[in-house]
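Subject: Handover of the two-chain model

Dear colleague,

Please find the structure below, with the sequence alongside it. My notes on what was found in it come after.

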Amino acid sequence: MGRIRAVLSVAAALLAIATLALRAQTIAPNTGEFTVRLGVGLPAVDQGALNDESHAPQTAQTIKRLAMHEQLHRERTGATGIPYASGRLLVKFRESASSGARADAIAAASGTAALTARPSFADFDVLSLDPNEDAEAAALRLSQRPEVEYAQPAYRVRPHFVPNDPYYHSSATFSPGQWNLPLINLESAWDIQPQAGSTITVAVLDTGLAYTNATITKNLPAFRDDNGVLYPALGTVTIPYSAASQIVTAGRIVAQHDFIWDNDQPLDFDGHGTHVSGTIGQLTNDGLFTAGVAFNVKLMPVKVIDSFWDDLFGAPNIATDAVVARGIRYAADNGANIINMSLGREGPPNTAPAVEDAIRYAVGRGAFIAISSGNEFEAGNPREIFAEIASRVQGAVTVAAVDRNATSGDHHCRGTAGSPACHAYYSSSGSYVELAAPGGSERGFGRDGLVWQQTFNFEFTDTFLLPPSQYHAPRFDVHAIVGYVGTSMAAPHVSGVAAMVMQQGITDPAAIEAALEKFAIDLGAVGRDDLYGYGLVDARATLRGLGMAR
Amino acid sequence: MRWATVAWLSAVLCLVGSRPAVAQPVQGLSFRPFVMASFQQFSAQDTFDAAFGGTTESFFGGGLNITQDDTVYLELTASRFKKTGELAFYNNGDVFRLGIPMTVTITPFELTAGYRFHRRQRRLPSSNTRATVPSRFIPYVGGGFGLYRYEQTSEFATDDENIDTRHAGVILEGGVEIRLHQWIGLGVDLRYNYVPGILGEGGISQLADENDLGGIAARVKLVVGR
């Protein structure tokens, strides 16, 4: 009896060990309810400035973070080499095409394609495909059908931002370094318009916004990082979430929407969207932290970019052309006067018809759009397709970034000893660049060269960058003033100025673009050039307009 | 400014309704001061429309008209236009007014010369004598040049952004003087002036491709003297 008991004990122990070992090698499916209780939560802990300089495109932390994020996706690349979301493609049929003809076209293009329900705020349809099928090839076959106006893969879209270094903590003091705001002559612009855009709504198409207090409950599954290292499941966790106190005030947030989760709760789980919103409209002249450009605008957070946590929480959608196009249309249909898009993707011309249609639609409805030019200057400087579209639409502008070498005097930044270049090292250039604005740079400037706004303290949010043994659930209720770098930071300067210009009386998007370009401070080569476009946006001059003779 | 216009028109109507005088050509030099009001349609229509919401504005002033034998004349006029409008932006024909006050003052100093037409002597009926037939209406035509001072100030402007400049222009005029009384005449004329060099170098006028500060003016002047 004793032997039998011993054998059973050993067998049970072996079974337990085997089970644990097996569990350690596999990842349970990401299931379990994702619960958000809006309004349930404490105000944020505001921690002042972080002494961090790693919000730059080429830092190890940036690369790691992107890699971690992408690890959670099923992405493919086709002949063009542009990443797209597998298992779907976008198609717009001609109105004259019958349902039978549409079905025939779909069947001819792909044996696995099936029409899904048309998503909201879209003038195109989405086809589901076998995830292993080449969506680019299927889209090409489909686009050649007479019933089809265009077809394209759901190309992946990424924000033009630079993530934080979560391991480098600041001292308690913040040396005020908002060099970026006086650079575009904002102080005198605020003299002209102290209301700072109070009647204008700016839609921020981004990773969302820390716009409310909430308590989130989620069973967090295990995952592997980009090196295959396993991070353990955390079980059901409660995650605190708080509104950004320097951005959100009563009545300021309007018509928020989330196209990643398909609901009206665009909670930012990244920090990028909150930082961009801060540049546009962080509370100003309140004696706290930093300022924003148009600090009285209403903000419409429209979440079209997924973050690592969105993906781990099990969000149904990821950032693609389809999501961005729907976000643009949503913003235009819900009263946005200005749309900021600190995001983009590379690609050859005419490969983003859904987004181009949406941009033209929004401008046609009276919305001005600012789009960042991209951060790939040192990575081959590929063509940024959304930025390229903006350059062809009067009422949408592409914004490049300058660093702290820029000055407010005309014809600076020539790249000579007496006039050093101020082109930010990462800022994508090309014929599509139309304007420049402060994007910042840590190279040669350290923390003084960053663009500082309120967002999450990434030490508490980016726990997935810790070793697995230290990995823990994030919390989104600790905020700080954080320095970011990127053309993502440049575009919201232009959006904020555009909001003030619209309030001042230039109500037509094409005229806003014309004014911003006419009054821009010419940088680099005389006239428009590929690095700075027409030059550095000048808030005061644009707001002031012209007299009869000067 | 509006009450002044009404006062002018009232005075003109009173004088027109008074007993007609006979125009007798005056020999030698005659010095005749006058006051005037003009209503100018500016050539730079988009520019003025952007700044003031209209293209016709009023000048008020006065001067001295000197005649020689009541035929040739030399006229010196000083007038002024001052109005507050708005800074604006102009794009492809669309005007966007920005709500920032801008005051423009135009001060022309103009010198013109011309000829006054009297009816020739003719034979009187029922006699063989020739005599000058008196007339209340003395047409005249002339031309000249002017010096135009243009001042532009606006709220929030730096010194560099305000303007105080001058430029010359040319004038053509033609009208009729109506003798209301032996010592009072009413001149009504049309003037065309062309004033380059002030507009078109910057501002809305440059965007609108307009470089003429002049235009066509209907002018009324009350002349004191024979």
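The notes that follow go from the conventions to the chains, then to their interface and to some charged pairs.

This is a predicted model, in which local features need pLDDT of at least 70 and side-chain atom pairs count only at pLDDT 80 or more, whereas totals for chains, interfaces and linings use all residues. Residues are numbered from 1 along each chain as its sequence is written, chains are lettered from A and ligands numbered from 1 in the order in which they are written, and side-chain values use heavy atoms, with hydrogens and water left out.

**The two chains**

Chain A has 15 helices and 22 strands, where helices (H or I, at least four residues) and strands (E, at least two) are DSSP runs numbered from the N terminus. Of its 550 residues, 61% count as buried, buried being under 20% relative accessible area, exposed over 50% and partly exposed in between, with a 1.4 Å probe and protein chains only. Chain B comes to 3 helices and 10 strands, and 45% of its 226 residues count as buried. Among contacts (heavy atoms within 4.5 Å) with a separation of 6 or more, residues 24 or more positions apart account for 82% in chain A and for 67% in chain B.

**The barrel of chain B**

In chain B, 8 strands form a closed barrel in the order 1-2-3-4-7-8-9-10, with antiparallel pairing; two strands pair if DSSP finds at least two bridges between them. From one strand to the next the twist averages 25°. Strand 1 (residues 29-42) and strand 2 (residues 56-68) of chain B run antiparallel and are joined by 13 bridges, and B:S30 has B:T67 in strand 2 as its bridge partner. Helix 2 (residues 45-52) of chain B packs on the sheet, where it touches strands 1, 2, 3 and 4 of chain B, and its direction makes about 65° with that of strand 3; here axes are lines fitted to C-alpha atoms, for helices over the stretch in contact, and angles run from 0 to 180 degrees between N-to-C directions.

**The interface**

In total, 33 residues of chain B are in contact with 22 residues of chain A. The area buried between the chains is about 2,200 Å², of which carbon and sulfur atoms give 62%; buried area is the accessible area (1.4 Å probe) that two parts lose on being put together, summed over both. On the side of chain B, B:F89, B:L98 and B:F156 lose the most area to chain A, together 28% of what that side buries.

There are 2 salt bridges between the chains, a salt bridge being a side-chain nitrogen of Lys or Arg within 4 Å of a carboxyl oxygen of Asp or Glu. B:E161 forms a salt bridge with A:R540, with the closest N and O atoms 2.7 Å apart. Strand 4 of chain B gives the most to the side of chain B that touches chain A, with 6 residues.

**Charged pairs within the chains**

Over all chains, the structure holds 34 salt bridges. One of them joins the side chains of A:K92 and A:D357 at 3.5 Å, N to O; A:K92 lies in strand 4 of chain A and A:D357 in helix 10 of chain A, so the pair ties together parts that are 265 residues apart in sequence. A:K92 counts as buried at 16% relative accessibility, while A:D357, at 22%, counts as partly exposed.

In chain B, B:D189 forms a salt bridge with B:R219, the closest N and O atoms being 2.9 Å apart. This pair links strand 9 (residues 184-194) with strand 10 (residues 215-224) of chain B, 30 residues apart. B:D189 is buried, with a relative accessible area of 3%, and B:R219 counts as buried at 1%. Salt bridges that share partners join B:D189 and B:R219 with B:E75, B:E110, B:E173, B:R191 and B:K221 into one network.

**A covered helix in chain A**

In helix 11 (residues 385-392) of chain A, 6 of the 8 residues are buried, so this helix is largely enclosed by the rest of the structure. What covers those buried residues includes helix 9 (321-333), helix 10 (353-364) and strand 19 (396-402) of chain A.

With best regards
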